[in-house]
Amino acid sequence: MWRERDSKVIGSRSRCVAALRETGTAVAVLILGAQTVNAEEHIVRTRRAEWVPPVPFIQPGDTVVWRGMRTHETALIEGMGPTDATAWRSELDAEGFSVTLHEEGAYIYTCDVHMSLGMVGAIVVGDAQPRNLAAIDAAVENIDVGRIFVERIIGRMKRALARRN
């Protein structure tokens with residue numbers, strides 16, 4: 001049951017834990033998870049063999065959802081995400097596949113089925129200049145199929161970053 005004094009626990013995590021001990025209510029538990037309340041969902045759609053938008057800018061904790069995935073899949077390209085980031089790979093036709101990205105930086109991903117047609121995208125997480133740009137540039141050398149398209153999306157991402165700053 002909510003009580004007026006429970007409303008005073010909004011603030012630090014330690015205050016929330018203390019309120020939980022004091023009140024025994026679930027309100028504090030809800031507040032502990034409040035840091036993700038501001039998280040947003042971003043839709044990336046397919047249009048033929050391209051991702052739209054090609055370079056979304058999101059915040060840590062936001063979720064990216066892929067739509068229009070008939071005959072497509074999505075996967076983070078090895079070496080082209082922040083070092084602490086979790087790689088992803090969807091199944092083919094995985095409509096509504098989603099990932100929540102917590103690590104700041106740049107992520108370069110593809111539809112492996114259509115990479116040779118240029119189906120490569122980028123996601124930038126956070127407001128700062130991605131710290132992993134040099135690592136991404138170096139990882140391009142490891143790409144055999146579709147390297148030109150990976151280079152193009154990296155260039156497009158860098159131009160978008162320059163406009164943003």
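This is a predicted model: local features need pLDDT of at least 70, side-chain atom pairs count only at pLDDT 80 or more; totals for chains, interfaces and linings use all residues.
Student: What makes β2 and β6 edge strands?

Tutor: Start with the order. Four strands form an open sheet, running β2-β1-β4-β6, with mixed pairing. Strands β2 (50–52) and β6 (98–101) each pair on one side only, and that puts them at the edges. From one strand to the next, the twist averages 25 degrees.

Student: How do you know that β4 and β6 count as paired?

Tutor: Count the bridges. Two strands pair if there are at least two bridges between them. Strand β4 (residues 62–67) and β6 have four bridges, in the antiparallel sense, so they pass. To find the spot on screen, look for Asp-62, which stands opposite Leu-101 in β6.

Student: And what makes β5 and β7 a pair?

Tutor: Two bridges join them, and they run antiparallel. The cut-off is at least two, so that is enough. Ala-75 stands opposite Thr-110 in β7. Strand β7 also has six bridges to strand β8 (residues 120–125), again antiparallel. There, Gly-105 stands opposite Val-125 in β8.

Student: Why is the Trp-51 and Tyr-109 pair called tilted?

Tutor: Two numbers settle that one. A pair of aromatic rings is described by the distance of the centres and the angle of the planes. For Trp-51 and Tyr-109, those are 5.3 Å and 50 degrees. Centres must lie within 6.5 Å, so the rings pair; stacked needs under 30 degrees and edge-to-face over 60, so what is left is tilted.

Student: What does that pair tie together?

Tutor: Trp-51 lies in strand β2 and Tyr-109 in strand β7 (residues 105–110), so the pair links parts that are 58 residues apart in sequence. Both Trp-51 and Tyr-109 are buried, too.

Student: What makes β7 largely enclosed?

Tutor: Six of its six residues are buried, so the rest of the structure largely encloses β7.

Student: Which residues form the aromatic cluster?

Tutor: Trp-51, Trp-66, Trp-88, Phe-97, Tyr-107 and Tyr-109 form one cluster. The structure holds six aromatic pairs.

Notes: Residues are numbered from 1 along each chain as its sequence is written. Side-chain values use heavy atoms; hydrogens and water are left out. Axes are lines fitted to C-alpha atoms, for helices over the stretch in contact, and angles run from 0 to 180 degrees between N-to-C directions. Buried means under 20% relative accessible area, exposed over 50%, partly exposed in between (1.4 Å probe, protein chains only).
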